[in-house]
Structures are given as C-alpha cells and as structure tokens.
Amino acid sequence: MTDELKMLYQVARMYYEDNLTQGQIATELEINRVTVSRMLKKIRDKGIVQIHINYDAYQNSGLAHKLKEAYQLQDVVIVPDWPGQSEENQLKELGQAGAKYLAERVKPEDTVGFSWGTALAATVEALDSSASMGNVMCVPLIGGPDGEMESRYHANSIVYDAARKWKGF
C-alpha cells in the first residue's frame with residue numbers, strides 16, 4: 001500500500017469513525033484543512049468510503065396507504081423528490097429503491113417480467129451483481145415505446161442485464 005493510500009485511510013478513519021472535524025485532523029496530521037477536504041473527496045471518489053442515505057426512514061406511510069387503497073396494491077415504495085435535485089440523481093435513487101425492493105422479494109426459481117423505460121433500466125443498473133439469485137428467469141414483457149429510445153431502455157436489454165447480474169437466464 002502506498003503512503004498516499006495509507007494517509008487516505010487514516011483520514012477516513014479519523015473523519016468517519018472518530019468523528020474528528022477537518023480542522024482537528026489537519027492539526028493532528030500537521031497539514032492544511034483544505035488538504036483534508038480534498039483528501040475526503042478523493043476518499044469518496046476512490047470508493048474507500050461509500051455514503052448511503054437510508055430513504056426507508058423517509059417513507060410517508062399516509063401517502064403509501066392512500067396509494068395502496070386507491071390502486072389495490074400490495075406494496076408501495078416512496079422515493080423522495082428533493083428540491084433542486086437533478087433528474088439523474090432522482091433516477092439513481094429510484095433505481096436503488098427498485099433494486100432493493102426486488103432483492104427483498106425475488107427468490108430462486110422465480111420468473112420476473114421486465115418492461116421498458118428509464119426507471120427499469122436504473123433499477124437493473126442498481127442490482128447487486130455479487131448476489132446470485134439462482135435460477136431466476138428474466139423475461140421481456142410485451143409492449144414498448146412509440147418512437148426512438150436508447151437501446152439500453154428497451155425490454156430485451158433490461159432483461160439481458162438483469163439476467164447477467166443475477167446469474168440467471
């Protein structure tokens with residue numbers, strides 16, 4: 001391990017585990033506070049630390065209940081829409097929530113049908129590829145968009161990616 005990498009891990013531990021401020025870390029390591037800030041960005045960029053926001057705590061049970069009743073749904077997952085949030089981040093959060101939902105419900109030997117669109121593509125993109133789901137069969141559902149769409153949003157592409165990630169077919 002290089003000296004730089006050792007220092008990044010040390011700063012990560014101090015900041016995220018010991019709850020020291022950037023100023024305290026800078027003082028202890030005898031470096032500039034701006035350097036600590038840059039190191040924390042590098043730590044996240046390199047994946048040394050991954051930040052995950054638990055949106056389950058946000059769930060609006062009143063709205064979920066209304067949706068369940070109105071549309072006779074078994075489950076409802078609400079993903080917050082924060083002011084000023086980019087469409088890319090909204091889609092990423094929606095995909096993560098969808099992937100979590102599938103991971104909790106899909107079992108070996110299940111058959112899962114996928115349609116098309118950006119939300120399903122984001123969901124499949126967020127699936128955990130390290131979790132083999134056994135003999136899950138992924139199938140495309142009928143239908144598609146009226147017009148041009150990137151191929152990664154088509155049902156067959158989404159099905160292929162899901163089967164590959166789940167090590168299914």
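Okay, so a quick definition to start: helices here are DSSP runs of H or I, at least four residues, numbered from the N terminus. What we have is a predicted model, where local features need pLDDT of at least 70, side-chain atom pairs count only at pLDDT 80 or more, and totals for chains, interfaces and linings use all residues. Residues are numbered from 1 along each chain as its sequence is written, and side-chain values use heavy atoms, leaving out hydrogens and water.

On confidence: pLDDT, the predictor's confidence in each residue, runs from 0 to 100. The protein averages 85, and 91% of the residues score at least 70. Helix α2 comes out highest at 94, while α4 (residues 61-71) is lowest, with a mean of 85.

Let's go to α2, residues 22-29, where Gln22 sits. Is Gln22 buried or exposed? Gln22 is buried, because its relative accessible area is 18%, and buried means under 20% (1.4 Å probe, protein chains only). Setting aside neighbours within four places in sequence, Gln22 contacts Tyr15, Arg33, Val36, Ser37 and Leu40; contact is heavy atoms within 4.5 Å.

Now α1. Its buried residues are Leu8, Val11, Ala12 and Met14, and they pack against α2 and α3 (33-45). Just after α1, Asn19 has a positive phi of about 60°.

Not counting residues up to four places away in sequence, Lys165 touches several residues, including Val124, Leu127 and Ala131. And a polar atom of the Lys165 side chain lies 2.5 Å from the backbone oxygen of Glu125.

Note on methods:
Helices (H or I, at least four residues) and strands (E, at least two) are DSSP runs, numbered from the N terminus. Buried means under 20% relative accessible area, exposed over 50%, partly exposed in between (1.4 Å probe, protein chains only). A polar contact is a pair of N or O atoms within 3.5 Å; within protein, one must be able to donate a hydrogen and the other to accept it, and residues adjacent in sequence count only if both atoms are side-chain atoms.
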